[in-house]
Amino acid sequence: MSAIRCTGLVKRYGDVLAVAGLELAVTAGECFGLLGPNGAGKTTTIEILEGLTPPDAGDVEILGLRWTGGAETRALRERLGIQLQDTQLADKLTVEETVRLFRSFYRSSHTVDEVLALVELEEKRGAWVGKLSGGQKQRLAVACALVSRPELLFLDEPTTGLDPQSRRQLWDVIGRFRAAGGTILLTTHYMEEAERLCDRVAIMDHGKIIALDTPSARQRDRRVPSGSRRATGTTLRPGP
Ligand code: ATP
């Protein structure tokens, strides 16, 4: 079953074609990675899939539902976890108060203890958000995304700017969600992260998927094809 399916997705900002007819299908239970250089259209794509940005054209189906507004949209919101690229949490709330606030948005949710354990922030429970390290803040952002026991988790560059230890801690959180049967769509600039976490990886450039494959297939052949950017270091098959 497809957790995410989109066809012919287009988004323009004035003269900029941010998403250029993107086709994507993510299977339930899969961790799918979107890689690509700055400005490739990853955040725009993920925000359209999250129902935050309306597309100019194309069809989006998430967990078999559409962003039609009303009851269908509300039902979908209950089943998704979203970590934005730049999550702004209130500095003067504690970690516990932040989790309680996010819990209050959902009908069904993890307890505060459960969610703090998931992201290993129990000892920071009473700390102000403004006093957390960058890695701890990111884990709290993921905690807020996990609080509703989502089936599908969207992560937009979850580990950008983190030190290697904080990055590994977040990988563990994501790995546990995946092992419990959750579906993940993540964007990243790090091929190592995609290889570590993802079942399949798509390379985006200029608003399109230009290559799509499994990380293991990628590891078998490390040649850089003409036309793909060296920064991604990919040899993946052309996408649709
Ligand atoms: P990064 O890796 O730097 O986060 P990205 O792949 O996520 O980049 P997007 O943020 O989706 O790329 O941006 C795609 C293009 O759309 C860029 O040229 C960007 O400048 C443009 N863009 C994105 N959002 C807007 C906006 N709200 N208004 C105008 N242009 C935008």
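Visitor: Two strands pair if DSSP finds at least two bridges between them, so which residue of strand 4 is the bridge partner of Val 10?

Guide: The partner of Val 10 in strand 4 is Ala 57, where strands (E, at least two residues) and helices (H or I, at least four residues) are DSSP runs numbered from the N terminus. This is a predicted model, in which local features need pLDDT of at least 70 and side-chain atom pairs count only at pLDDT 80 or more, while totals for chains, interfaces and linings use all residues. Residues are numbered from 1 along each chain as its sequence is written.

Visitor: And how many bridges do strands 1 and 4 have, in which sense?

Guide: Strand 1 and strand 4 (residues 57-62) are antiparallel and pair over five bridges. Strand 1 (residues 2-13) is also joined to strand 2 by nine bridges, again antiparallel, and within that pairing Arg 12 has Leu 17 as its bridge partner.

Visitor: What sits between strands 1 and 2?

Guide: The two strands form a hairpin with two residues between them, and Gly 14 in the turn has a positive phi of about 60 degrees.

Visitor: Switching to the ligand, which residues are around it?

Guide: Counting residues whose C-beta atom, placed from the backbone, lies within 6 Å, the shell includes Tyr 13, Val 16 and Ala 18, as well as Lys 42, Thr 43 and Thr 44. Strand 2 (16-27) and helix 1 (42-49) each supply at least two of the shell residues, and helix 1 gives the most, with three.

Visitor: OK, now the core: which residues touch the most other members?

Guide: In the largest nonpolar core, which has 57 residues, they are Leu 49, Val 99, Ala 143, Ile 184 and Leu 185. A nonpolar core is a set of buried Ala, Val, Leu, Ile, Met, Phe, Trp, Tyr and Cys residues joined through C-beta atoms within 7 Å. Helix 5 (residues 134-146) makes the largest contribution to this core, seven residues.

Visitor: What does Leu 185 contact?

Guide: Apart from neighbours within four places in sequence, Leu 185 is in contact (C-beta atoms, placed from the backbone, within 7 Å) with residues including Ile 4, Phe 32, Leu 49 and Phe 154.

Note on methods. A residue is buried if 20 or more other C-beta atoms lie within 10 Å of its own, exposed if 12 or fewer, and partly exposed in between; C-beta atoms are placed from the backbone. Two residues are in contact if their C-beta atoms, placed from the backbone, lie within 7 Å. Two strands pair if DSSP finds at least two bridges between them.
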